[in-house]
Amino acid sequence: MRQVRIDGTFDGWRDAARDLLLGGSAPHQVEWLTGDAQGSLFDEAEVYAPNYPNAHRPPLRIPRQLLTELETAARFRTQDRWSLLYRILWRVAEGDQTARLVGDLDGSELHARIKAVRREAHHLHAFLRFSPASAQNAPDYVAWFEPAHDILPSAAPHFAERMGLHSWLIATPGDAVLWDGQVMHYINPCPPEWQQLAQTARDPGAELWKTYYESTFNPARLNREVMQNNLPVRFWKNLPEGPLIPQLMSRARAGAQRDGQAERVASRPGKRIGMPGQP
């Protein structure tokens, strides 16, 4: 078993995988390690070093679309992320194009991971909440997010296109992105002071937003399963309206669903519209 320790980035894996392919190392002969992870007993991990200078590497033809798929799947957090990618790369290099297909065992796992990564990027775009930073020499806005996968570097540019010239910071338990108004800076690991800044920032408009959210909540249309599928519970704690959601759901189960509106709205003068089947 050949143990290969890489820096945990897709670029690092790609360079090592290229040399392993050129050297004829089959997937079952390679164990991928990152950081200080321990490998198999009695095997000593080698830190990857290129066997070929970039200018003298023999040609290796891999479909560009496959590299894009592998790079996306590499953001999925799992212990065997690099071994699956190398197994698929090896099979395609050997002429087995079915390794990329959903009907294949490896291909099915590849596309499932791509789907999960894209969904997590959507979660970042939908559920991230920026707050004004009150500290001196801080960005204009800061936000805290806890992603399930390594999607921050690829998903963060979405906000640079929408925040104008404002500077902002997104901090996570692992990494961070800082936009200074012109250039995006990626930091891994995230400095503890950035984490504290993002977690302690308070939005002065949060109470107004919570009032609005509560007044527009429609218990008659509540479907708990659908709601939690579209807004997973793990995000509630970092949303201003998060503490309200369990209360509003509890009220709906206790009979508020018959109103079709929040209590403060339903109590106002006007014509009452009942639920289907009600007089």
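Helix α7 (residues 192-200) lies across β5, β6, β7 and β8 and runs at about 95° to β5, where the axes are lines fitted to C-alpha atoms, for helices over the stretch in contact, and angles run from 0 to 180 degrees between N-to-C directions. This is a predicted model, in which local features need pLDDT of at least 70 and side-chain atom pairs count only at pLDDT 80 or more, while totals for chains, interfaces and linings use all residues. Residues are numbered from 1 along each chain as its sequence is written, and side-chain values use heavy atoms, with hydrogens and water left out.

**Sheet**
- The strands form an open sheet of five with mixed pairing, in the order β4-β5-β6-β7-β8; helices (H or I, at least four residues) and strands (E, at least two) are DSSP runs, numbered from the N terminus.
- Because β4 (131-132) and β8 (184-187) stand at the edges with a single partner strand each, one side of each is left without a neighbour in the sheet.
- β4 and β5 (residues 141-144) run antiparallel and are joined by two bridges, pairing being assigned if DSSP finds at least two bridges between two strands; P132 stands opposite Y141 in β5.

**Nonpolar cores**
- The largest nonpolar core has 33 residues, and those with the most contacts inside it are L124, L128, F130, F159 and W168; such a core is a set of buried Ala, Val, Leu, Ile, Met, Phe, Trp, Tyr and Cys residues joined through side-chain atoms within 4.5 Å, buried meaning under 20% relative accessible area (1.4 Å probe, protein chains only).
- Among the elements that give two or more residues to this core are α4 (105-127) and α10 (244-253), and α10 gives the most, with five residues.
- Leaving aside neighbours within four places in sequence, F159 is in contact (heavy atoms within 4.5 Å) with L124, H125, L128, F130, W168 and I170.
- A second, separate core of 27 residues includes W13, I62, L70 and L110.

Methods
Buried means under 20% relative accessible area, exposed over 50%, partly exposed in between (1.4 Å probe, protein chains only).
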